[in-house]
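Good morning, colleagues. I would like to take you through one model, helix pair by helix pair, and then turn to its core and a few individual residues. Please keep the sequence and the structure in view as I speak.

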Amino acid sequence: MANETSDSARAPRGWFLTVMTILFVVLAFSDFTKALQFARNPVVGGLVVFGHKFHGVAHNLVLGPLFGIVFLIYAHGIWRLRAWVLPLAIVYAFYVPYNLVLFWYQQPEGPRPIPFIVIYLAIALTGSIGTAIYLAYHRERLS
């Protein structure tokens, strides 16, 4: 037990990881409620996986909670500064841009809300790639 690092002796999480943890919990809650979101407004609601937007309450009822659980595990790993969260962060950092490009590529022709897309990209890429880079750069804090 003398070799184990206690939570109080470990380096602090910092404001960035604290904010990202909270945002991943919010994202998990959003995924848990995807079926309700889709039932309320099918045009806006629905989970997007590898660029494909899932239609139907049943698809979102199954896939939403699965992704929600992954985000809760991710948030827990960040909050507790666990070393196993770094590979998950790296995979997610590659997944988000790939998912966004595939989704926007598959969209029908027409006007795109550029300000919304730019803001969405900034938040999504900061949350995915930014968290992975931060964790990799500060991996000595992870246990």
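**Helix packing, core and selected residues**

From α1, the residues Leu17, Thr18, Thr21, Phe24, Val25, Leu27, Ala28, Asp31 and Phe32 meet Gly64, Pro65, Phe67, Gly68, Ile69, Phe71, Leu72, Tyr74, Ala75, Ile78 and Trp79 of α3. Sorted by class, the contact of α1 with α3 has 15 nonpolar, four polar and one charged residues. In that sorting Ala, Val, Leu, Ile, Met, Phe, Trp, Tyr, Cys and Pro count as nonpolar, Asp, Glu, Lys and Arg as charged, and the others, Gly among them, as polar.

A word on the source. This is a predicted model, in which local features need pLDDT of at least 70 and side-chain atom pairs count only at pLDDT 80 or more, while totals for chains, interfaces and linings use all residues. Residues are numbered from 1 along each chain as its sequence is written, and side-chain values use heavy atoms, with hydrogens and water left out.

Now the overall layout. The protein chain has five helices and two strands, and their pattern along the sequence is α-α-β-β-α-α-α. Helices (H or I, at least four residues) and strands (E, at least two) are DSSP runs, numbered from the N terminus. The C-alpha trace of the protein chain spans about 60 × 30 × 20 Å along its principal axes. Of contacts between residues at least 6 apart in sequence, 68% join residues at least 24 apart.

Let me return to the first pair and its geometry. Helix α1 covers residues 14-32 and helix α3 residues 57-79; they pack at an angle of about 165°, with axes 7 Å apart. That makes α1 roughly antiparallel to α3. Axes here are lines fitted to C-alpha atoms, for helices over the stretch in contact, and angles run from 0 to 180 degrees between N-to-C directions. Angles under 35 degrees count as roughly parallel, over 145 as roughly antiparallel, 65 to 115 as roughly perpendicular and the rest as oblique. The crossing of α1 past α3 is left-handed, that is, the near helix is turned anticlockwise from the far one by less than a right angle; clockwise would be right-handed.

How do α1 and α5 lie relative to each other? Their axes come within 11 Å and cross at roughly 140°, and α1 and α5 are therefore oblique to each other. Here too α1 passes in a left-handed crossing. Phe16, Leu17, Met20 and Phe24 of α1 meet Thr126, Gly127, Gly130, Thr131, Tyr134 and Leu135 of α5. This contact has six nonpolar, four polar and no charged residues.

For α3 and α4, the axes come within 10 Å and cross at roughly 130°. The two helices are therefore oblique to each other, and α3 passes α4 in a left-handed crossing. Phe67, Val70, Phe71, Tyr74, Gly77 and Ile78 of α3 make the contact with Val85, Leu88, Ala89, Tyr92 and Tyr95 of α4. By class there are ten nonpolar, one polar and no charged residues.

We come to the core. A nonpolar core is a set of buried Ala, Val, Leu, Ile, Met, Phe, Trp, Tyr and Cys residues joined through side-chain atoms within 4.5 Å. Buried means under 20% relative accessible area, exposed over 50%, and partly exposed in between (1.4 Å probe, protein chains only). Which of the 26 residues in the largest nonpolar core touch the most other members? They are Phe24, Tyr74, Ile78, Tyr92 and Leu135. The elements giving two or more residues to this core are α1, α3, α4 (85-105) and α5 (114-137), and α4 gives the most, with eight residues. Leaving aside neighbours within four places in sequence, tyrosine 74 is in contact with Phe24, Val85, Leu88, Ala89, Tyr92 and Thr131. Across the protein chain, buried residues make up 35% of the 143 residues.

Isoleucine 73 lies in helix α3 and, at 43% relative accessibility, counts as partly exposed. Its C-alpha atom is separated by 9.3 Å from that of valine 25, 48 residues apart along the chain.

Phenylalanine 50 has a positive phi of about 50° although it is not a glycine. Phenylalanine 50 lies in the loop between β1 (48-49) and β2 (52-53), and is exposed, with a relative accessible area of 51%.

Leucine 81, also not a glycine, has a positive phi of about 55°.

How values were computed:
Contact means heavy atoms within 4.5 Å.
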